[in-house]
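Dear colleague,

My notes on what was found follow directly after it.

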Amino acid sequence: MAKGLQGFSWTMLLLFCAIQELGAWARHTAVEGPGLGQPGDPALLAGGRVKRGWVWNQFFVVEEYTGTEPLYVGKIHSDSDEGDGSIKYTISGEGAGTIFLIDEITGDIHATERLDREQKTFYTLRAQARDRQTDQLLEPESEFIIKVQDINDSEPRFLEGPYIGSVAELSPIGTSVMQVMASDADDPTYGSSARVVYSVLEGEQHFTVDSKTGVIRTAVADLDRETQDRYEVVIRATDMAGQLGGLSGSTTVTIVVTDVNDNPPRFPQKMYQFSIVETAPVGTAIGRVKAEDSDVGENTDMTYQVKDEEGVEMFKVTTDSNTQEAVITVQKPLDYESKKVHTVVVEALNKFVDPRFVDLGTFRDQTIVRVSVLDVDEPPEFRPPSNLMEVQEDAHVGSVVGVVTALDPDTANHPVRYAIDRSTDTERIFDIDAKTGAIVTGKVLDRETAGWHNITVLAMEADNHSQVSRASLRIRILDVNDNPPELATPYEAAVCEDAKPGQLIQTISVVDRDEPQSGHHFYFTLAPEATNNHHFSLLDIQDNTAAVHTQRVGFNRQEQDVYLLPILVVDSGPPALSSTGTLTIRVCGCDSSGAIQSCNSTAYVVSATLSPGALIALLVCVLILVVLVLLILTLKRHHKSHLTSEDDEDMRDNVIKYNDEGGGEQDTEAYDMSALRSLYDFSEIKGGDGGGGPGEGGPGRNPASELHALPQWVQSPDLDFAVFRDYICRKVEQADEDLSVPPYDSFQTYAFEGSDSPVPSLSSINTWSSSSEQDFSYLGGWGPRFRQLAALYAGRRGEEDGEDS
């Protein structure tokens, strides 16, 4: 059928093109007439007509041509063509030589390929007419267009799919859901090939579509999301305005039905049962219930509440925002013995109610929750829960302070035993009767020491001590008058020697450790032993204070400088207690304004002989003497420590250093050489050995010989070093025992003198040869400064040689 329609379309198109060509030929003939338009025609020029070079009409070619022969497009013709074949027609431009071919002699143009208007709607070409012999242009090159004529070869297409729309459930008929649009690639200006209409292929029971605009609307008013939440609707688009032979395309539109709050919450059960122990603390969760709602999203949000009065008092219902469950918790302590089962009415209602659907019914539901209370073994309970007792502080040991009572709340009603938590009564001031709960005093009480006592009483089952209850008990010690009043301070007053009668000396007050309920009231009077007093009087001011006044004119501190006034103080009881306090009154010297200057006889005498300036000078002198004494003691101590350090100095400090020069040859007194001998008495050392002749430092040796032999100290084989050894050992022992000194040796050996001096050493410390083995002749070459020294040693050398000979 489709092939037959396609052949029919081609036939109609070819017939249309033939009619166009015939019309063009008729118009051309009517204008030019037979034999007109020949080149060089005198009649044409004489008539004033404009000569045309090219003769053609607009060219059309039908798209999608499927014939076997080239499709004739049209003909170009020059009015200078006489039909003798001398003119050659050529074309150039888009498709020339490939798509479009031209007959060079006749100018007929044919299309050799299948064209598609949807790809290219027209082709622009240029025509040339040339002389076949000379190839010269006979006419100016002219441009012409070949249009591709459209046929209905493209079906409508939905380019914006897939399409997904939504509509609320229970929407009224005709509610717009969405719009779909199809496009047709055919030429909208030619025929009805691109004119599209819409229709519903599937889903027409629930939705319709506007044939011109493509708007989809609801066809029913009872769309129910809970029944079906989405629909697949197939929409068709047909071109040729839906006429026979038009092409069509289709698409599937998904329509989602959105939820509205049209369903109330419903409890799956009309009764729920839970159980909980009676000792569960307040806030304990008993269970959860949930009402079902067929809606989705926020339309399922709900709240729960307790509707009955009993349930409101004992239980609390909250909503879990995540699960939308009702959480039932304990709001008040439970008691199995009072009530074993509680019935609670729980109501669920939606948070968000749509007023459009109120007529559908109430959006709430109720259920019954039965809570069974389970019995447990509970500790005893104190009744009544009073925690204050009072007792007089003079109560005897064993007196009853009060009685506490506790009962077992369980059905078994076990007997109760009592005890005191000794961590709250470490001194065991109170005791309790284990069976009756009577609290008695265990020690003598004293309110002034502790006016309150806080103890903890324990009550437990007689056969199960693990079931223990605790009660805090405050015991107040009531005051009794057991402390006499006393003077607030040890009062001391002063009276001027020139005091007048009735002069106020001192105001006194008292303190009392007791605290009578009616308040303190004290009475003052002079003690019986002061009844013969004629110097001072006591006045009770009646405000718990008393005033002391003078009774005589003037006092003499030379006769008596201190008066002791005993005062008796009595409280109001009961019973009335009293005490005697003494007021010390000193007689003082005062100036003319009444200011006290001094208050004793010694100061009076001193003040009569010395002025304040003299006293200050005396104190300064005493201070200077003290400073001098301290300075002298410090210096003596320092000197003593210095002497001790000299006694303990080591061998290093005994080396005497000198670097002064001699006075020349004539200076024999520049330095006292005997200072070198004063450190060690070698003669005494040698003499102690019992030997040694005159040449070895014996007693008969003269000073001159000692002076010459001093630099040449010779180590004698019989020399005893015991003295040095003892001295060094003593110093080592002292250094070892004294931990405060640095660990240095007390003796050092100096055996190296350096290598830079050209003069040999004069030291005798390291000299091992005897004096006879040394030659001092080299001293003569040291210059005039050492001439005297050379003479001395040269003379000594001569004497030794004489003795040897």
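Arg-470 is exposed, with a relative accessible area of 57%, where exposed stands for over 50%, buried for under 20% and partly exposed for what lies in between, with a 1.4 Å probe and protein chains only. Please keep in mind that this is a predicted model, in which local features need pLDDT of at least 70 and side-chain atom pairs count only at pLDDT 80 or more, while totals for chains, interfaces and linings use all residues. Residues are numbered from 1 along each chain as its sequence is written, and side-chain values use heavy atoms, with hydrogens and water left out.

Arg-470 forms a salt bridge with Asp-421, their closest N and O atoms being 3.2 Å apart; the term stands for a side-chain nitrogen of Lys or Arg within 4 Å of a carboxyl oxygen of Asp or Glu. Asp-421 lies in the loop between strand S28 (416-420) and strand S29 (430-432), and Arg-470 in strand S32 (residues 464-478), so the pair ties together parts that are 49 residues apart in sequence. Strands here are DSSP runs (E, at least two residues), numbered from the N terminus. Asp-421, at 19% relative accessibility, counts as buried.

A salt bridge also joins the side chains of Asp-365 and Lys-270, at 3.4 Å from N to O. This pair links distant parts of the chain, 95 residues apart, with Asp-365 in strand S23 (residues 364-374) and Lys-270 in the loop between strand S16 (248-258) and strand S17 (271-277). Asp-365 is buried at 10% relative accessible area, whereas Lys-270 is exposed at 53%.

By the rule given above, the count comes to 24 salt bridges, and Arg-447, Glu-448, Asp-479 and Glu-515 are linked in a network of them.

Turning to the strands, there is an open sheet of three, in the order S26-S30-S29 and with antiparallel pairing, where two strands pair if DSSP finds at least two bridges between them. Strand S26 (400-403) and S29 stand at the edges with a single partner strand each, so one side of each is left without a neighbour in the sheet. From one strand to the next the twist averages 25°, with axes fitted as lines to C-alpha atoms and angles running from 0 to 180 degrees between N-to-C directions. S26 pairs with strand S30 (residues 438-441) in the antiparallel sense over three bridges, and Val-403 stands opposite Ala-438 in S30.

With kind regards

Key. Helices (H or I, at least four residues) and strands (E, at least two) are DSSP runs, numbered from the N terminus.
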